[in-house]
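Here's a quick briefing to read with the structure open beside you. We'll take a helix, a surface patch and a loop residue in turn.

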Amino acid sequence: MAGLPLALLLPLLLPLLPPVPPARAAPPRPRATAMGAPGGTAPGPPNSTAAATAAPPNTAPSSPAAPGRRPERGAGTTAAAPRRKLVRVKVVRKKVVKKKVLKKRPKAPAKDTAAPQEPSCPPLGLESLRVQDSQLRASSHKRYGLGAHRGRLNIQSGLYDGDFYDGGWCAGQEDAGQWLEVDARSLTNFTGVITQGLNSIWTYDWVTSYKVQVSNDTYTWHPCRNGTEEAVFPGNKDPETPVLNLLPQPVVARYLRINPQSWFPNGTICLRAEVLGCPLPDPNNIYAQHRQPLPSSELDFRHHNYKEMRKLMKRVSDECPDITRVYSIGKSYLGLKMYVMEISDNPGQHEVGEPEFRYVAGMHGNEVLGRELLLNLMEYLCREFRAGNPRVVQLVTETRIHLLPSMNPDGYETAYKLGSELSGWAMGRWTYEGIDLNHNFADLNTALWDAEDNDLVPHDFPNHYIPIPEYYTFANATVAPETRAVIDWMQRYPFVLSANLHGGELVVTYPFDMTRTYWKAQELTPTADDGVFRWLATVYATSNLAMASEERRLCHYDDFIRFGNIINGANWHTVPGSMNDFSYLHTNCFEITVELSCDKFPHASELPAEWENNRESLLLYMEQVHRGIKGVVRDGDTEEGIANAIISVDGINHDIRTAFDGDYWRLLNPGEYEVTARAEGYEAATQPCRVPFENVPTPCSFRLHRAPRPGAPRPGGSRPPADPPLRLQRQRLRRLRAHRRAP
């Protein structure tokens, strides 16, 4: 729309312009007639609209007439007035169009573009091993360790080049005729493909583009087309980042081939893949009967982000307010609270003689199965307790249970945004600060082993409740806020047994996690309670359906099946500063690590089956907290409980201490033991205790009498020395908490 300044300048510019020929105004007349005006002469407004559109911009008829201006030659006097009306009509049309564009159109594309980004079909299960090795074929392979059965998303390679179990499929030839084939075993609606490069520390190999072909009989193959052309999908730019390509149109078939077209110039044809597809019902399919049954429990089987996790925990607490309590142990670096669900018949109270148990999940944010299992466990215990399930009622009544579903909430949110198949192997593993929490606890092993080498244990150096090293309490020490919160948590509650839930393998590990020989990556390093730890690990592994299955295959390259799916942590790979070792040496708590699944971030459709795999294991392991002996150490005169009394078992070089009320729990395997209780200022007492094979704790309580003052006769035992390790431990903990509160 022309502005007023242009209208005022037109009278000055007109003398400089050439005269307008009469023929320039004539063409609009037939155009107006063609639009449907009756007769041979068009009405004023249509004629004016056409003329203004057809005239060049530098001519007078295309611009608004200035006030008092006479019509130009060749234009009738009757056409001047309609031109003013035409300009007004044209302006109104522009305004209406602009209003429609601004109000209605910008929001629609955002919704349309967001929907295709979410795959509608789940993965077939190459990563989770639901797709068996026999369902994978390839045109060729370099060697068996790089065969088609290794072409699974996120599969990991061994440490050595040429390992028998390598990190992907690699073609034996370098040409565009190579392929990796997946047999879905039934008609499937294929919707997408996810690819990665080869996992290796020695070479860099990945596919940069590929085609997709489908078939129903493996003889006739049909290419995936984008319109009339065969579709070529972009591949990877590095070995580890997963790349998702959705098919232009979903395709129904049984077999799918990935046909690489180009690859990294300095490498060769290597890839790992996952295929997205929805199985279609087929009554003639012989494999349909082998599908996994639906879970018997109606639980919330989906992935929960931070807000959804809070809502679920609140809902469970509202359903069972008499046995649940939700509390926070601290905050992550980004300020997300670390919530814990307590389940007990008297929530919020420590009952004398009742052991305390904890499950911890989400130490690595991208290993999410433990998080969902604990959320489902909360729902299960609540509903079964209300339903009167005798096993659950006994467990809740006799045990104080603490469930921490997310130790690393910042890392989980990072992985959750990418999704189950696109978070890769490591995205979200670390905290927001880049700290691996499983290496962030204080190294107490080295101090213990140095003292043992110098024969200082247990007289001059403790074999339990080892104080935190001084360097760990410095203000510049790299200690994550999540780690500090868990250490504080350990001090507030007298935990007896714990399990740390991880993902990426199918195995249960037990302490020590750090090798005694510092330069070795693997070394059998048992604790003084090795027999108890092996039993605890075996309980979980043998009751886990996935681990106990005779048809299970290796997740990556380690064969844990021959060891009963349990292994000493240090004999697998050394982990200095692990939470398991810290818990054993700094507190009374025995803790193991459970690797729950080959897939760190299983798809939501696989969560029901994973719950069935682990439900019995989770319950049975919690019941092991009642294995061994328990009792109360009391003052022989006042009958009050003695806190921090030392409980020693003859033949086991690891002691524990009593809780605030003088009660204790000592995990032991069946057998007969000589147990001694001692406390500062009291005479020591010893008595035999027998542990039966039944999973029932043996009562073994003590009454200690105060030791005589110096110079007075001391019948029986002698007064124990002062307890400097305990005081040093408390001093270091105060320093650690002080630096956490500092700005």
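How many residues does helix α7 have, and how far does α7 reach from its first C-alpha to its last? Keep in mind that this is a predicted model. The helix runs over residues 369–387, which gives 19 residues, and its end-to-end C-alpha reach is 26 Å.

**Helix α7**
- That reach of 26 Å is close to the 27 Å expected at 1.5 Å a residue.
- Most of α7 is covered, with 14 of its 19 residues buried.

- Y333, L334 and Y432 together make a nonpolar surface patch of about 360 Å².
- You'll find Y333 in the loop between β11 (324–331) and β12 (337–343).
- Y333 counts as partly exposed because its relative accessibility is 45%, and partly exposed covers the range between under 20% (buried) and over 50% (exposed).

- Look for D163 in the loop between β1 (136–138) and β2 (169–170).
- Is D163 buried or exposed? D163 counts as buried, because its relative accessibility is 17% and the cut-off for buried is under 20%.
- Setting aside neighbours within four places in sequence, D163 is in contact with R143, G145 and G158.
- Take G145 from that list: D163 and G145 are 18 residues apart in sequence, but their C-alpha atoms are 6.4 Å apart in space.

How values were computed
Residues are numbered from 1 along each chain as its sequence is written. This is a predicted model: local features need pLDDT of at least 70, side-chain atom pairs count only at pLDDT 80 or more; totals for chains, interfaces and linings use all residues. Side-chain values use heavy atoms; hydrogens and water are left out. Helices (H or I, at least four residues) and strands (E, at least two) are DSSP runs, numbered from the N terminus. The expected span of a helix is 1.5 Å times one less than its number of residues. Buried means under 20% relative accessible area, exposed over 50%, partly exposed in between (1.4 Å probe, protein chains only). Patches are made of residues with over 30% relative accessible area and no salt bridge: like charges are joined within 9 Å, nonpolar side chains (Val, Leu, Ile, Met, Phe, Trp, Tyr) within 5 Å. Accessible areas come from the Shrake-Rupley method with a 1.4 Å probe; for residues, only the protein chains shown count as cover. A salt bridge is a side-chain nitrogen of Lys or Arg within 4 Å of a carboxyl oxygen of Asp or Glu. Contact means heavy atoms within 4.5 Å.
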